[in-house]
Amino acid sequence: MTTNTRNTQSTDGTQGARSARSTQTILVTSASGKTGRRVAERLGARGATVRAGSRTGTTPFDWESPATWGPALRGADAAYVAYYPDLAAPGAVEAMRTFGHLAAESGVRRVTLLSGRGEPEAVVAEEALREAAAGVELTVVRASFFAQNFSEGLLAEGVAEGALVFPAGDTAEPFIDADDLADVVVETLTADGHAGRVHEVTGPRPVSFAEVAAEVSRASGRPVSYQAMSATEYAGFLTGFGLPEPEAEWLAALFASLLDGHNASTTDGVKRILGREPRAFAAFAAETWGGAAG
């Protein structure tokens, strides 16, 4: 587990008291993505005024266009920051530094940043945001791989066709349900007691990719097999689907480094923050591919 050595940030504590502010305006970046969409829906249900920031939404926001960041932040009380493509990606540190300055200048009081668990490069980007957003209450949520990556993300098409191809070997990962993650993010944005904290959230137990394939097969009633690849082979696999070679090589290297076993342990982050256990991958699979109640 990567720890932040610059500041002494606690990863323990209990669910914070509900914020005294009854209504807030909250910017949700990447609001059409896996986590942003869920966070925006939950915030709206709680009565917040949500600015759903995306390239084509009513609040224009594009991580590749810094000119859109300031207008989206202006007048907002809080923001959920989900950087695309990843905080470990080239350019993320500069983006977080610029975004942090703009957030502070715009009077934003609270920010929750989605980060990757066990990513040293992502920690550098976290620090850049923290330093730039002076005076802003910052919470970092470091998440394990999303269970929804198999149903909505990069791996969904292969799973639908019966082949889960990935450079994970026999490593197990405690996949986090994106719904659990969204609940955690909303709690940090709307309740007090999370400022300055780093929360690591995972599912309840590590699951190998072979087990993932078996669970999807069981839930869907059709065979899904896991095919392990090296990072080099996976990069070639991605370029075969049209992904530019530099991006394919970067993604393959990132996945291989994250799935070398150092992230296989679980945390109690979801239970500490929400007061309940996270959803197991088997329950997610049953609901997603079998229509069963989770």
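Let's start with helix H4, residues 120-132: at 1.5 Å a residue, its 13 residues should span 18 Å, and its end C-alpha atoms are 19 Å apart, which agrees. The expected span is 1.5 Å times one less than the number of residues. Helices (H or I, at least four residues) and strands (E, at least two) are DSSP runs, numbered from the N terminus.

This is a predicted model, in which local features need pLDDT of at least 70 and side-chain atom pairs count only at pLDDT 80 or more, while totals for chains, interfaces and linings use all residues. Residues are numbered from 1 along each chain as its sequence is written, and side-chain values use heavy atoms, leaving out hydrogens and water.

Buried residues in H4 include Ala-122, Val-123, Leu-129 and Ala-132; buried means under 20% relative accessible area (1.4 Å probe, protein chains only). Among the elements covering the buried residues of H4 are H3 and strand E5 (110-116).

Now look at Thr-68, in the loop between strand E3 (59-60) and helix H2 (69-73). Thr-68 counts as buried because its relative accessibility is 17%. Leaving aside residues up to four places away in sequence, Thr-68 touches Pro-60, Phe-61 and Asp-62, where contact means heavy atoms within 4.5 Å. The side chain of Thr-68 also reaches the backbone nitrogen of Asp-62 at 3.0 Å.

Most residues other than glycine have a negative phi, and most peptide bonds are trans. Yet Ser-30, in the loop between strand E1 (25-28) and helix H1 (34-45), has a positive phi near 50°. The peptide bond from Tyr-84 to Pro-85 is cis, with omega near 10°; Pro-85 sits in the loop between strand E4 (78-81) and helix H3 (92-105).

Technical notes
Buried < 20%, exposed > 50% of the residue type's maximum accessible area, 1.4 Å probe, protein only. Polar contact = N/O pair within 3.5 Å; in protein donor to acceptor, adjacent residues only side chain to side chain.
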